[in-house]
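Visitor: Please take a close look at one part of this structure, its strand pairing, and walk me through it in one connected account. I would also like to know how that part sits among the rest.

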Amino acid sequence: MAHKCPRCGDAVQRGHSKGVQMAGGLVGALFYAAFGPMECKKCGKIPLAEFPSEVRSKVITNSVLLAVAAIALFIGVVWLLVIMKK
Ligand SMILES: [Zn+2]
């Protein structure tokens, strides 16, 4: 999913952080992807508040879906571990 930068009109990406990925694993990376700032190659990090409200609500909806997926994944992994221990 690509959004346009409100400053220069270029495509923005989700920000990413290797540190967060290492600390929190897949779930941490998912959470960061869901709630981290967008990043423009020219302007750097763009806070969500600078995007038009239409884009913002889309991003927030996607973030919530992603967070739910991350939690489901986490529960799935824990459940698998419990099953395997028996
Ligand atoms: Zn830009």
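## The strand pairing and its surroundings

Guide: Among contacts in the chain between residues at least 6 apart in sequence, 61% join residues at least 24 apart, a contact being two C-beta atoms, placed from the backbone, that lie within 7 Å. This is a predicted model, in which local features need a pLDDT of at least 70 and side-chain atom pairs count only at pLDDT 80 or more, while totals for chains, interfaces and linings use all residues. Residues are numbered from 1 along each chain as its sequence is written. The chain averages a pLDDT of 81, with 74% of the residues scoring at least 70; pLDDT is the predictor's confidence in each residue, from 0 to 100.

Read from the N terminus, the elements run β-β-α-β-β-α, giving 2 helices and 4 strands, where helices (H or I, at least four residues) and strands (E, at least two) are DSSP runs numbered from the N terminus.

The 4 strands form an open, antiparallel sheet in the order β1-β2-β3-β4, and its edges are β1 (3–4) and β4 (44–46), each of which pairs on one side only. Two strands are taken to pair if DSSP finds at least two bridges between them. Between β1 and β2, which run antiparallel, there are 2 bridges, and here Lys4 stands opposite Ala11 in β2. The hairpin of these two strands has 6 residues between them, and Gly9 takes a positive phi near 85° in it.

Moving on through the sheet, strand β2 (residues 11–14) pairs with β3 in the antiparallel sense over 3 bridges, and Arg14 stands opposite Met38 in β3.

Pro52 and Pro6 are separated by 46 residues in sequence, yet their C-alpha atoms are 7.9 Å apart.

At 1.5 Å a residue (times one less than the number of residues), the 33 residues of α2 should span 48 Å, which agrees with the 48 Å between its end C-alpha atoms. Helix α2 is hardly covered, its count of buried residues being 0, and of the 86 residues of the chain 5% count as buried.

Definitions and conventions. A residue is buried if 20 or more other C-beta atoms lie within 10 Å of its own, exposed if 12 or fewer, and partly exposed in between; C-beta atoms are placed from the backbone.
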